[in-house]
Amino acid sequence: MFSDELEKISWDETTKSIYAKTDADVRRALAKDRLTVDDFMALISPAAEPYLEQMALKSRQITLERFGKTISMFIPLYLTNSCTNSCVYCGFHIQNPMARTILTMEEIESEFKAIKKLAPFENILMVTGENPAKAGVPYLANAIDIAKKYFANIKIEVMPLATEEYAELCDHGLSGVICFQETYNKARYNVYHPRGMKSKFEWRLNGFDRMAQAGVHSIGMGVLVGLEDWRTDMTMMAYHVRYLEKNYWKTKYSVNFPRMRVAENGGFQPNVIMSDKELAQLTFAFRIFDHDVDISYSTREPANIRDNMATLGVTTMSAESKTEPGGYFTYPQALEQFHVSDERTAVEVMTALKKMGREPVWKDWDQVLQ
Ligand code: SF4
């Protein structure tokens, strides 16, 4: 399990090592084809900032060789905002006295129909807060059964499950699972996740092993940028991806770097800010480090950044996302989990991508390449 590996890696020593990287370390990393995590640390370090253009060119070339010019499109559907956790940075946390919704199967089907009218989406990501008693495995299995009628590729972003629960959902037609570790800093993890199942660091961390062992085809990972030093957290994720690729080589992996925004009305404020330039540096570094990993940008990022990065390393994007349950048809005015930055319609995103010589594809990568 990855928790055994993480125990061997010191957070503080890793941080020191990243900030001690030199110009020579960066040039050495850029000259290699197969990078180590230590090389990745050099590319995300402050020492690599003068090499951004060189990194962009290398990232673009690798992406073109591995993925061609296509961008795989997906859309999220929030099934519920009911949650038993208390993540301090999220409006869905259990203490928030807000109206809670759990979509019925009829409502879910109406949402699918509404989504299909937006664009020819074939990749659906169903998202829930964490309420296993009311929106647990049987509920998800039913939703997957309905989703199969409308979508070729079905993913979920829900609470970490047991191996046999992932396997059961795969039997229903599940192909992918996304789960964000949020931060790999074990000593600080419970500052952000004080109560509920999400407070169990190892259960979440080892969920990725369980997914792969259950035969989940595609696994998405992410660090929430805004909690701890992003360079150290991303390095831990790089170790994690490499560990998973080595141990479960048949599985496909994707990474995501959601940036928390400054809250306007006294909500949780990010502890660290990642600039646009740093986001670009990280994206190039991840592509140069791992040629095969899908890099996904959500509508949290503004349109101009998404468009630019679509030619330089990003391979998967959401479009026209609603982050409230039933946001496409049933409850269009309910409270969102976070506000999206790119508010363009899916058709507008598609048109912009085509203008830049990219081909949006609505199916999963594997189906396109076969
Ligand atoms: S981040 Fe997820 S688990 Fe945490 S409170 Fe929000 S919905 Fe619940």
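Two helices whose axes meet at an angle over 145 degrees, taken between their N-to-C directions, count as roughly antiparallel. That cut-off is handy for the first of these close-up views, and all of the views come from a predicted model.

**View 1. Helices α4 and α12 pack side by side.** Welcome to the pairing of α4 (residues 37-44) with α12 (230-247). The two pack at an angle of about 150°, with their axes 10 Å apart. This angle is over 145 degrees, so α4 and α12 are roughly antiparallel to each other. Their crossing is right-handed. From α4, the contact draws on V37, F40, M41 and I44, while α12 brings R231, M234, T235, A238, Y239 and R242. Sorted by kind, the residues of this contact comprise 7 nonpolar, 1 polar and 2 charged.

View 2. Is Y239 buried, exposed or partly exposed? With 19 other C-beta atoms within 10 Å, Y239 is partly exposed, because a residue needs 20 or more to be buried. Leaving aside residues up to four places away in sequence, Y239 touches E5, I9 and V37.

**View 3. Helix α11 sits among other elements.** In α11 (residues 207-214), 6 of the 8 residues are buried, so this helix is largely enclosed by the rest of the structure. You can pick out the buried ones as G207, F208, R210, M211, A212 and A214. What covers them? The cover includes the helices α1 (2-7), α8 (163-172), α10 (201-205) and α12 (230-247). Strands β4 (176-182) and β5 (218-223) are also part of that cover. After α11 comes G215, with a positive phi near 90°.

**View 4. Helices α7 and α8 run alongside each other.** Next comes α8 again, now with α7 (residues 137-147) as its partner. The axes of α7 and α8 come within 9 Å and cross at roughly 20°. That makes α7 roughly parallel to α8. The crossing of these two helices is right-handed. On the α7 side you will find V137, L140, A141, I144 and D145, which meet E165, E168, L169 and H172 of α8. The contact residues divide into 5 nonpolar, 1 polar and 3 charged.

View 5. Most residues other than glycine have a negative phi. E182, which is not a glycine, has a positive phi of about 75°. Look for E182 in strand β4. E182 counts as buried, because 24 C-beta neighbours lie inside 10 Å. For E320, also not a glycine, the positive phi is about 55°. E320 belongs to the loop between β8 (316-318) and α15 (346-355). With 22 C-beta neighbours inside 10 Å, E320 counts as buried.

View 6. Which residues are around the ligand? They are C83, N85, C87, C90, F92, H93, G129, E130 and K198. By kind, this shell divides into 4 nonpolar, 3 polar and 2 charged residues.

Methods:
Residues numbered from 1 in each chain as written. Predicted model: local features only at pLDDT ≥ 70, side-chain atom pairs only at ≥ 80, totals over all residues. Buried ≥ 20, exposed ≤ 12 C-beta atoms within 10 Å, placed from the backbone. Helix = DSSP H or I, 4+ residues; strand = E, 2+ residues; numbered from the N terminus. Contact = placed C-beta atoms within 7 Å. Axes fitted to C-alpha atoms, helices over the stretch in contact; angles between N-to-C directions. Parallel < 35°, antiparallel > 145°, perpendicular 65-115°, else oblique. Left-handed = near helix turned anticlockwise from the far one by under 90°. Nonpolar A, V, L, I, M, F, W, Y, C, P; charged D, E, K, R; others polar. Near = placed C-beta within 6 Å.
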